[in-house]
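Hello,

Here is the structure I promised to pass on to you. Have a look at it first, and then read my notes on what turned up.

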Amino acid sequence: MKSSWRGLLPPALVGIGGLALWEVVVRAGRVAPFILPAPSAIWEQFWLSREVIWQTGRASGTNALVGLVAGAVLGILAAMVASRFRLVGEASIPVAAALNALPIIALAPILNNMFDSTSSIPRRVVVAIVVFFPVFVNTLRGLRQVDPTHRELMDSYAAGGWTFTRLVRLPGALPFVFTGLRQASSLAVIAAVVAEYFGGLQDGLGSRITSAAANTAYPRAWAFVVGACVLGLVFYVAALALERLATPWRRSG
């Protein structure tokens, strides 16, 4: 327990020192407040807008969560198929890389035009596409790393390909799966918030950031940015907790 607190102390001190320096620089007039507001001004707006941040954070968080689950499930299933069939594996990696190269700023407006203006589906589709690549690539890497002893044992039982994948490949690939999920958890929030910049249903953090910035309410815009950062941290910590629950042997080791 003490070692955990000692590990948290240095980054906490650096963070507090950085905020203090930021406050001093802005108050000294070195940076214009409309370019970069002081942390105290941002915190004031965060507290005043806490109910709106909570409501919009729930909307963005729901979109991020639905897209994260959909993209992760599709990524894991695609990786299982790609690891089972070599030809599919060789063909799927370039396709996955092409999906990963799609910019959100180009994809979101197109999807918004394809669905009703009150639909949350475009944001969730964007999140699922962004999430798919890290989960797919990491899971496929894990599925391909099989202990020869385990392969020989399953061969002695005359286990089929899918049985081998389900009982040996997938459990052995869990650390890689959760590596992909940890990467995807933060990306899901980023994708959900950025996708809200380009029209559609105006109920999330992204739409409030653009609205506040357009009205030159920069401290309030930064307050919503802080809300998005907190949401991303919640998703990342949840992914870490899920990994600890699913792979207790790694923690005990």
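Helix α10 covers residues 218-246, 29 residues in total. From its first C-alpha to its last it reaches 42 Å, close to the 42 Å expected at 1.5 Å a residue. (Helices here are DSSP runs of H or I with at least four residues, numbered from the N terminus; the expected span is 1.5 Å times one less than the number of residues.) Among the buried residues of α10 are Phe224, Leu231, Phe235 and Glu243. Buried means under 20% relative accessible area, exposed over 50%, and partly exposed in between, with a 1.4 Å probe and protein chains only.

Please keep in mind that this is a predicted model: local features need pLDDT of at least 70, side-chain atom pairs count only at pLDDT 80 or more, and totals for chains, interfaces and linings use all residues. Residues are numbered from 1 along each chain as its sequence is written, and side-chain values use heavy atoms, with hydrogens and water left out.

Now to the charged pairs. How many salt bridges does a search of the whole structure find? There are three, where a salt bridge is a side-chain nitrogen of Lys or Arg within 4 Å of a carboxyl oxygen of Asp or Glu.

- Arginine 182 and glutamate 243 meet at 2.8 Å, N to O. This pair links distant parts of the chain, with arginine 182 in helix α8 and glutamate 243 in helix α10, 61 residues apart. Arginine 182 is partly exposed at 22%, while glutamate 243 is buried at 9%.
- Glutamate 23 pairs with arginine 27, their closest N and O atoms being 2.5 Å apart. Both sit in helix α1 (residues 2-27), four residues apart, which means about one helical turn between them. Glutamate 23 is buried at 16%, but arginine 27 is exposed at 64%.
- Aspartate 203 joins arginine 123, with the closest N and O atoms 3.8 Å apart. The aspartate lies in the loop between α8 and α9 and the arginine in helix α6, so the pair ties together parts that are 80 residues apart in sequence.

Next, the rings. The whole structure holds five aromatic pairs, counted for rings of Phe, Tyr and Trp (its six-membered ring) with centres within 6.5 Å; planes under 30 degrees apart are stacked, over 60 edge-to-face, and the rest tilted. Tryptophan 22 and tryptophan 222 are edge-to-face, 5.9 Å centre to centre with 70° between the planes. Tryptophan 22 belongs to helix α1 and tryptophan 222 to helix α10, so this pair ties together parts 200 residues apart in sequence.

Happy exploring!

Conventions:
Helix = DSSP H or I, 4+ residues; strand = E, 2+ residues; numbered from the N terminus.
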